[in-house]
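Here is a friendly briefing to read with the model open beside you.

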Amino acid sequence: MLLHEQKEILSYNGEVLVFQLSGPKHMEGAAGKTTSLSVRRMAFNRDTKLFIQKSSGVFILQGNPAEAEMICCSNITDSRSGLVLPCVLLKKKKRKNILKYLLLLLHSSNQFEKCFHFKLDYELKEDVRLFAGPSVLWRHANRLFHISRGACAIRSAPLQLSSVVWAGETDDEGVLVLGVRAACLPESQDEPEFSSSDGAIWGSEFFAYAVETQKLITGTSFMPHAYSRVVSSVCVCKKEVLRKQLRISLVAVTHKNQLIWFQDGLPKGVCELPYEKPCSIKTAVTTGSNLLFIVSFASGNTCAIWRDSFQVASKWQKVNYVLVDDFIGSGTEQMLLLFKDDSCEDVLSTFRITDFGEIDYASGINDKDDTPMAEGLQENSLLTVQALETRLQAGYTSIRELQHHLRLKKKVILESCRALIDLVQERSHILPTAKKEGLVSLWDDTENPLHSLNKEASMTAKVPEHFVEKLWQRVVDDRLIVGVKLTESFSLLLSDVSLSLVMDSDLTLISPIIECQNKIITLNKAFSALAISSSQIEPPPKKMKLDFDSKNDLEKDLHNRSLKNQSDRAKTFIAVTSLSPLLAFHSVHCTVLLHAKKTKHQSGDLQKSKKITLLCGKILLSLEDISREKYSVKMLRDNSYCTGSVEDILAVLAASIRFSFQIVSSDYTLTPVNSWLLGEMECTPFKECHNNLFCQRVGNLHRTVLNWTQKSPFEGVLTLFCRNVTVLFQCLHSLTRVLPPSSDIKLLRSGSKERLTDQLALALENEVLISRKSFSSKENEVEKSETWGKRTSKKIGDAPVASFLDSKEGVQQFRKKLQHEREESVLSMNQAMNGALYQKMALKMAEAQLHSDMIVWRLS
């Protein structure tokens, strides 16, 4: 008996896998028949320009070799590991015409693994595909069947189809099948849509079916139904969902020897194919991200088509296999053409590797026979160059328009900054006209801009001539810290304070506004406490009575207590920004602006305020001063204390991140914390405030500020000011080694729980006061109204009822008066509120509720 052999070729990670199914020679009637499936891994050698064998493997299958067959092979994803592995589907004939199909996976060690098997009473011939899992999909008797490793049985789709033109895997639907079936006509022949239905006209239609979800999708998203009778194969290039609509780009080959490009269900281009009976299509992305369509024909011919020009790049005859992969390791894909050669049994003896560019390797091919390819390549290169030149010109035009837009944008920003600086310095500024810059004005050009600026400047609140007590700057790591300390009397009248830095207008290449982070650091005069936060109103010593008549006195008392509490503290407003972008200019002058609300305390109204912008001064930052460490923080050790100016301390705190932790120990006292601070952390207390410690330890922990407040022997609060989160983790890791094992550490959001509770009680009482005040304002408005304040008609209750009931006329008069009084009552209940009064009431209530919600969030 002759040797039975069958070969299949597959590309995998730049290698060529040659599968061969064969059986040994044997005598007729001999027992112990076996079939072997062997694989050879072939890699291209750029030196010898030949394929060499790297490794091989074999799998033994019991049975007659004449009854075994390789159905197909493909690269699929193993669901267990997520790796892409070669997969082979084998057929083996059993008794009583039962066929057994076996699915094998090939691992990197060249070992074959049996995934699963299934039995059928018919042969798989039509539209057999392998997918991830692995799973097998095929068509038989106009039905679609599917089986996977996790399934126990073969499943069939509940639909009829005549062919499968494409099947692939998608992220949202899993395995998706694009098929053709007979048109599903409406049940009633009288429906008006019958005559205009595309499927009804052609008798067949496209449909997409999701195998895993059993979802049916209309095929018009892929192609019109009119192409259902001529399309033989499809390759989907792109599929996405945009604004809840399916967007698909694909190419299809037809029985009319055409390649058609479809975009969102509409044909966009067509190419005439050089041969007849196209059967399959592949894609390849070559050098320069050029996309090629590779069409194979039933006669063994092959052609390649450019995606950009949609023209034939080259064509070949007597092609046995066409593979697409990175065979030479260049990072892009190439085509491997294996030609038919009857004189040699090796399938890799005659081949060509090309990407239609610099890569072109051939073996066993006469170059003279390849002149059509060279001519087509030369013509196609000319078309490609022309297309690239057109695209390049369009790109230059877009870049010029973008550069012009950016220049206009910078001019607008610079002019706005100059206007802001002139407004702060009370100088007049005339804006240029919009037509001069080629822009469209958004305001009335007839208006005098100088008059508007003078009007705006006149509205600015008056401020004292000397309101800045000190302006200073420091450099900490890669941060610039700018501090402004105002005079004590003036800072008490400000709220919502922030700083901004504006560079000199000479640097026109960048935006002059420097992005910075604002902080408020409060130090009491005795230096007994140190914190970074806004000033808080201390809770009252006892619960306030909600007496409406004394609401004005209560507001005055709250305001006076706030001023008294703030007068004991000195506020410094700080701006923190990145230093490295500023050093690129070697020397930078910055103007420091302060933005705030100036509050006026009037009798019965604390809410009136004006927005003001103040010029605090200028700072000079140069690379030479930074190199000489002129603005560096200097913390020295004097005996057992750490000495440094107040500005140095504030700079370190501003450049740090604050973290507060509540430490509770149920079994042991927390005495090891003090030993840990002074010992392992090498902390030194500040000379001005002993409760705050400066870490002198060399390394990342240096310049960390710590504060330990012990409420009881078993409870305390540790506050850390760290440069970054990494330093925090280092401190906590060192602390946990000295704390008792039963200690509990909890991160505090802001402030202590007792103080936040008192603040919440005060905020809720403030809400009630505002609500009562709002209702009182409405009552006063109603009482002052002429419509309801003066009653001209006499009420029924003021007159005896019996006098109305003596006669028929009296009863009618009683009814009229009762109806009139009822209408007046309804109107008084539905009286509309003044819009300005309602807006003022709603604003006050919203601000109070926002303050209460913030405290509740801190407590949570």
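Two strands count as paired if DSSP finds at least two bridges between them, and strands (E, at least two residues) and helices (H or I, at least four) are DSSP runs numbered from the N terminus. With that in hand, look for an open sheet of four strands in the order S25-S26-S27-S28, with antiparallel pairing.

The model is a predicted one, in which local features need pLDDT of at least 70 and side-chain atom pairs count only at pLDDT 80 or more, while totals for chains, interfaces and linings use all residues. Residues are numbered from 1 along each chain as its sequence is written, and side-chain values use heavy atoms, with hydrogens and water left out.

**Sheets and strand pairs**

- S25 pairs with strand S26 (residues 334–339) in the antiparallel sense over six bridges, and leucine 323 stands opposite leucine 336 in S26.
- Another open sheet has four strands in the order S9-S10-S11-S12, again with antiparallel pairing. Here strand S9 (126–131) and S12 stand at the edges with a single partner strand each, so one side of each has no neighbour in the sheet.
- S11 and S12 run antiparallel and are joined by two bridges; phenylalanine 145 has serine 156 in S12 as its bridge partner.
- Strand S14 (residues 174–182) has eight of its nine residues buried, so it is largely enclosed by the rest of the structure. Buried means under 20% relative accessible area, exposed over 50%, and partly exposed in between (1.4 Å probe, protein chains only).
- S14 runs antiparallel to strand S13 (residues 163–170), joined by seven bridges, and a hairpin links S13 to S14 through three residues. Valine 164 stands opposite glycine 179 in S14.
- S14 also pairs with strand S15 (residues 204–210), in the antiparallel sense over seven bridges; arginine 181 stands opposite glutamate 205 in S15.

**Nonpolar cores**

- A nonpolar core is a set of buried Ala, Val, Leu, Ile, Met, Phe, Trp, Tyr and Cys residues joined through side-chain atoms within 4.5 Å. The largest one has 40 residues, and Phe19, Leu37, Leu89, Phe118, Leu124, Val136 and Trp138 have the most contacts inside it.
- Strand S7 (residues 99–106) gives this core its largest share, seven residues.
- Leucine 124 is in contact (heavy atoms within 4.5 Å) with Leu89, Tyr101, Phe118 and Trp138, leaving aside neighbours within four places in sequence.
- Apart from this core lies another, of 30 residues, among them Val484, Leu614, Ile619 and Ile626.

**Salt bridges**

- The structure holds 19 salt bridges, each a side-chain nitrogen of Lys or Arg within 4 Å of a carboxyl oxygen of Asp or Glu.
- Arginine 149 bridges to aspartate 78, with the closest N and O atoms 2.6 Å apart. The two residues sit in loops 71 residues apart: arginine 149 between strands S11 (143–148) and S12 (155–156), aspartate 78 between strands S5 (68–77) and S6 (84–93).
- Aspartate 78 is buried at 2% relative accessible area, whereas arginine 149 is partly exposed at 23%.
- Asp78, Arg80, Glu113 and Arg149 are linked in a network of salt bridges.
- Glutamate 647 and lysine 470 meet through their side chains in a salt bridge (2.8 Å, N to O). Glutamate 647 is in helix H9 (residues 646–654) and lysine 470 in strand S29 (residues 468–476), so the pair ties together parts 177 residues apart in sequence.

**Tryptophan 676**

- Tryptophan 676 is found in helix H10 (residues 672–678) and counts as buried at 2% relative accessibility.
- Not counting residues up to four places away in sequence, tryptophan 676 touches Met681, Leu706, Leu718, Cys731, Ser734, Leu735 and Val738.
- Its side chain makes a polar contact with the side chain of serine 734 (2.9 Å). A polar contact is a pair of N or O atoms within 3.5 Å; within protein, one must be able to donate a hydrogen and the other to accept it, and residues adjacent in sequence count only if both atoms are side-chain atoms.
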